[in-house]
Amino acid sequence: MKKAILIICLSLLVGCKSKTVSRDTEDLKITKVDPSEINSGQQKKAYDLGKRVLETCNTSKFKPFNETEVTKSVMENTTEERLTKTCQRFRQYYGSFVDLKLDGVYKTKQEVIYRYHATYTKKVANKELRVFVNEENLISAIKSMDWEENFETKLKE
């Protein structure tokens with residue numbers, strides 16, 4: 001039951017894409033980005049916006065996104081009301097949000113994925129935050145989930 005509630009709460013943090021797109025296997029291929037190729041401005045933007053979402057749990061105040069930061073679907077799906085519901089559960093189970101630590105940057109054909117390890121005050125929290133940045137340099141999705149140790153073994157060559 002707890003897992004079902006957690007899955008529902010986590011889905012509230014996800015910025016869903018509004019249209020279904022058929023993709024071939026090349027579109028789904030994920031590769032790790034070499035640190036020298038990382039766009040520092042884009043990385044800072046991903047970190048700042050991801051941190052802004054999770055800090056809402058500590059402050060109960062959320063500065064809404066604007067059209068120069070995120071896609072329309074992310075803007076519509078990331079509301080203070082939805083975040084408040086999710087944050088209540090997160091604080092109960094994981095404690096207060098502390099910070100994000102970049103674990104890796106990955107690239108698909110259409111997006112760059114910033115994978116962060118989210119730290120909380122309770123040691124039982126082992127969460128990750130993925131921030132997806134599209135070709136227009138807008139955040140196209142923000143996804144929170146349980147930390148996955150073997151993420152890189154799933155990458156397609």
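In this predicted model, Phe90 and Tyr120 are both buried. Phe90 belongs to helix 5 (residues 80–94) and Tyr120 to strand 3, 30 residues apart, and their pairing links distant parts of the chain.

The structure holds seven aromatic pairs. One of them joins Tyr47 and Tyr116 in a tilted arrangement, with the centres 6.1 Å apart and an angle of 55° between the planes. Because Tyr47 lies in helix 3 and Tyr116 in strand 3 (residues 112–120), this pair ties together parts that are 69 residues apart in sequence. Tyr116 has a relative accessible area of 1% and is therefore buried, whereas Tyr47, at 23%, is partly exposed.

An arginine is also placed against an aromatic ring: Arg115 lies over the face of Trp147, at 4.0 Å from the ring centre.

Positive phi values occur at two residues that are not glycine, Ser60 and Asn137. For Ser60 the angle is about 60°. Ser60 is located in the loop between helix 3 (40–59) and helix 4 (72–77), and its relative accessible area of 53% makes it exposed. For Asn137 phi is near 65°. Asn137 sits in the loop that runs between strand 4 (127–133) and strand 5 (139–146). With a relative accessibility of 30%, Asn137 counts as partly exposed.

Terms used: Residues numbered from 1 in each chain as written. Predicted model: local features only at pLDDT ≥ 70, side-chain atom pairs only at ≥ 80, totals over all residues. Heavy atoms only, no water. Helix = DSSP H or I, 4+ residues; strand = E, 2+ residues; numbered from the N terminus. Buried < 20%, exposed > 50% of the residue type's maximum accessible area, 1.4 Å probe, protein only. Phe/Tyr/Trp six-rings, centres within 6.5 Å; stacked < 30°, edge-to-face > 60°. Lys NZ or Arg CZ within 6 Å of the ring centre and 35° of its normal.
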